[in-house]
Amino acid sequence: TDLPGDMADAAHDCAKQVAELVGAFNLEDYVPLCRGWDLQGLGRRTRGVHAKFDALLETMIKNKGKERREVADKANAKDLLDILMDAAADPTAEVKLTRDSIKAFVLDIFTAGSDTTATTVEWMMAELLNHPHCLQKLRTELDAVVGRSQLVGEPDVAQMPYLQAVLKETLRLRPPAVFAQREAMQPIYVRGYTIPVKTSVFFNIFTIGRDVTWWEEPLEFRPERFMPGGAGEDVDPKGQHLQLMPFGSGRRACPGMGLAMQAVPAFLAALVQCFDWEVPNPPLDGGRGGAGECQEAAACAPSHAAPSSTTPTINCSRIPLYPLALSFHITLPLSYISISSGINLQHAGLLGTRILGR
Ligand code: HEM
């Protein structure tokens, strides 16, 4: 679904606000006396985002309905919304999809899949700018695997172990989702503590990735940990190894992880391949300066408190930049959803505009 720029901006704004609201410190959770007063205005903001998102989704569905009536044969160009609307219109469907379920589904993808991926690309770029030798290694890998006459894409990721290591190290040190939550279904006894039934249990993904038991000098950005011989060589971030759980684990682990592990590194690689990145105050390798001074802002998907200022300049004249250039102008993840052999969500637009600070 292609959206006009103002709608894309509105969606971007909503997704960002949701991430902030989910991660916000809420006094009412801790001080019963404050309950119901909405002293911080979080309830008001939540209702505002809800109304804005709902209006946006209504417009998308109406536009899509109109488009579907005008273009009869959509067999070869169905996007996610088409699939959902087909399912809703199918009288034989086992589970009847309502308009609300369609909206909830789209909203889920917006909120769970956009800020997380955008933030990861931002942090990857910031860490690389602060560690020029890592950026150089990645460039060398890119040159060897992809060359300079074609644009790197998702199929190349499997051949690029260093790129994957940069992603894993970023997810370890800067996980976009800092905690996951479960509810105890029965009383559990852990190290002398009893966790009663129905207790909400949060596990801290952020702290797990920085645990010295598993990670030497955990605050250092070192993709080499995940290369052969490194402590993380065999560690899979997809929830099998408890010392690294950026996507959670178990039955309710992130369903978008496979997609994210492909699309995020591919997009970052394209940014590295196609642009030279300059920072006003180049860092000593690993030191402060440059994009340095990056801090997490309070949100569910912590982003830079102050966006780094970088100036990308195009450096590959022979690469057809059309797909990337296009992505910079379409600023909504959903505009790139297509369904062929599965969902192929290229949220490049949102990621691109965030990186470029537009
Ligand atoms: C770097 C990217 C991403 C990270 C780090 C991430 C991380 C997470 C985490 C930690 C959870 C909670 C898992 C748990 O409780 O065990 C989660 C849930 C979820 N994620 Fe992601 N995610 C990412 C990208 C995506 C994408 C691209 C999508 C969809 C296109 C997505 C959709 C979801 C959904 C729908 C849930 C809720 C699953 C449920 O409750 O059953 N995520 N994600």
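**Around the ligand**

Four elements, α5 (99-113), α6 (115-130), β1 (179-183) and α10 (257-274), each supply at least two residues of the shell around the ligand. The model is predicted. Among these elements, α5 gives the largest share of the shell, 4 residues.

Now look at the make-up of the shell. There are 24 residues around the ligand. By class, 14 are nonpolar, 7 are polar and 3 are charged. Five of the residues come nearest to the ligand: Arg182, Pro246, Ser249, Arg252 and Cys254.

Next, take the polar atoms one by one. Start with Arg252, one of the nearest residues. A polar atom of the Arg252 side chain lies 2.5 Å from a ligand oxygen. Ser249 is also in the nearest group.

Now turn to Arg174. Find Arg174 in the loop between α8 (161-173) and β1. Is Arg174 buried or exposed? Arg174 counts as buried, because its relative accessibility is 16% and the cut-off for buried is under 20%. Which side chain does Arg174 join in a polar contact? The partner is Glu127, and the contact between the two side chains is 2.8 Å.

Terms used: Residues are numbered from 1 along each chain as its sequence is written. This is a predicted model: local features need pLDDT of at least 70, side-chain atom pairs count only at pLDDT 80 or more; totals for chains, interfaces and linings use all residues. Side-chain values use heavy atoms; hydrogens and water are left out. A residue is near a molecule or strand if one of its heavy atoms lies within 4 Å of it. A polar contact is a pair of N or O atoms within 3.5 Å; within protein, one must be able to donate a hydrogen and the other to accept it, and residues adjacent in sequence count only if both atoms are side-chain atoms. Ala, Val, Leu, Ile, Met, Phe, Trp, Tyr, Cys and Pro count as nonpolar, Asp, Glu, Lys and Arg as charged, and the others, Gly among them, as polar. Buried means under 20% relative accessible area, exposed over 50%, partly exposed in between (1.4 Å probe, protein chains only).
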